[in-house]
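Trainee: I'm new to this structure and would like to learn how to read it. Could you take me through some features, one by one?

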Amino acid sequence: MQIGLIGCGNMARALARGWGRPVLCADPIADRAQALAAESGGEALESNAEVARRADLAVLCHKPAQLREVAAEVGPHATAVASILAVTPLPILREAYPGKAVYRFMPSLPVEVRQGALVQASDQPELGGVRPGGGTGDRGLDEAVHELFAELGTLVVLDDSLMDVAMGLMSCGPAYVALVAEAQVDAGVRRGIPATQGARLVVQTLAGTAELLRRRDHDMVSVRREVTSPGGVTARGLDALERAGLRSAFSDALDAVVGYPTR
């Protein structure tokens, strides 16, 4: 499947690196498109329309506010369209691309190393969570697009109405995890551990714990309890985090992303 990227920003680059294959691409900043084409072994084209003409799947990586403008260029030529645009639900995408096979995904930055969390939007759960794009009923295309994004990490299908909530959990998540790691390293520096060594310890702890949780079927409570002896140092550390409002801080962050009032 020939992939065409409409827009060559950070997430487009992460997708291209994760797929590890030549891509067609276009961007208002020509140098950015040329750099991505050179890195992927693909080709930078002069227009979004040309990308759509030559690609089997046009992946929308532009800003959400540009939806109508880009659709006017891409729509007449695209065979299938996959959007990674935030706050742009399936009905709006289908309206912008009538009669086309339309898919909606939300990736996270670790797709670059094929360890991303990704969500695919669905509004027909009776079809196993994956709606035929644009009403075409082309099961082969549906499966091919689904598998293409599944190459990049863990792909979960959710109702389209939950995509913004998912974005707050996983698309914003790498920034949160990086902040948590930074805070842990800084705490170690305060107690005398050099930042370089502290970063290696913290990052490996995060990576190892993530793998352990996967192997334990995401049983977070049991993993936490195995590390936490009654009255021990971990129990005291957890108590400090709880008293500092760790859970409410993450809850407030999700509310801020989704746009709900926090109180």
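**A buried aspartate**

Mentor: Let's start with aspartate 160, which is buried, with a relative accessible area of 10%. Keep in mind that this is a predicted model.

Trainee: Next, charges. How many salt bridges does a search of the whole structure find?

Mentor: The general idea is that side chains of opposite charge can pair when their charged atoms come close. Here the search turns up 16 salt bridges. One of them joins arginine 17 to glutamate 112, with 3.3 Å between the closest N and O atoms. Arginine 17 belongs to helix H1 (residues 10–19), while glutamate 112 is in the loop between strand E6 (101–106) and strand E7 (116–122), so this pair ties together parts 95 residues apart in sequence.

Trainee: What about arginine 94? Which residue is its salt-bridge partner?

Mentor: Arginine 94 pairs with aspartate 123, and their closest N and O atoms are 2.9 Å apart. Arginine 94 lies in helix H5 (residues 90–96) and aspartate 123 in the loop between E7 and helix H6 (139–150), so the parts tied together are 29 residues apart in sequence. Aspartate 123 counts as partly exposed, at 31% relative accessibility.

Trainee: How do I read the bridge between aspartate 239 and arginine 243? Where do both residues lie?

Mentor: Both are in helix H11 (residues 233–243), four residues apart, or about one turn of the helix. The closest N and O atoms of aspartate 239 and arginine 243 are 2.8 Å apart. Aspartate 239 is partly exposed at 40% relative accessible area, whereas arginine 243 is exposed at 63%. Salt bridges can also share partners: Arg17, Glu39 and Glu112 are joined into one network that way.

**The nonpolar cores**

Trainee: Now the inside. Which residues have the most contacts within the largest nonpolar core?

Mentor: Those are Leu5, Leu15, Trp19, Val59 and Phe149, in a core of 30 residues. Helix H1 gives the largest share of this core, five residues. Among the contacts of leucine 15, neighbours within four places in sequence aside, are Val59, Cys61, Ile84 and Phe149. A second, separate core has 28 residues, including Ile6, Leu24, Ala26 and Met106.

**Aromatic pairs**

Trainee: Last topic: rings. How many aromatic pairs does the search of the whole structure find?

Mentor: Three. Phenylalanine 105 and phenylalanine 149 form a stacked pair, 3.8 Å centre to centre with 10 degrees between the planes. This pair links distant parts of the chain, with phenylalanine 105 in strand E6 and phenylalanine 149 in helix H6, 44 residues apart. Phenylalanine 105 is buried at 0% relative accessible area, and phenylalanine 149 is buried at 0% too.

Trainee: What does an edge-to-face pair look like here?

Mentor: Take tyrosine 176 and phenylalanine 250: 6.3 Å centre to centre, with 65 degrees between the planes. Tyrosine 176 is in helix H8 (residues 173–190) and phenylalanine 250 in helix H12 (residues 246–258), so the pair ties together parts 74 residues apart in sequence.

How values were computed. Residues are numbered from 1 along each chain as its sequence is written. This is a predicted model: local features need pLDDT of at least 70, side-chain atom pairs count only at pLDDT 80 or more; totals for chains, interfaces and linings use all residues. Side-chain values use heavy atoms; hydrogens and water are left out. A salt bridge is a side-chain nitrogen of Lys or Arg within 4 Å of a carboxyl oxygen of Asp or Glu. Helices (H or I, at least four residues) and strands (E, at least two) are DSSP runs, numbered from the N terminus. Buried means under 20% relative accessible area, exposed over 50%, partly exposed in between (1.4 Å probe, protein chains only). A nonpolar core is a set of buried Ala, Val, Leu, Ile, Met, Phe, Trp, Tyr and Cys residues joined through side-chain atoms within 4.5 Å. Contact means heavy atoms within 4.5 Å. Rings of Phe, Tyr and Trp (its six-membered ring) pair if their centres lie within 6.5 Å; planes under 30 degrees apart count as stacked, over 60 as edge-to-face and the rest as tilted.
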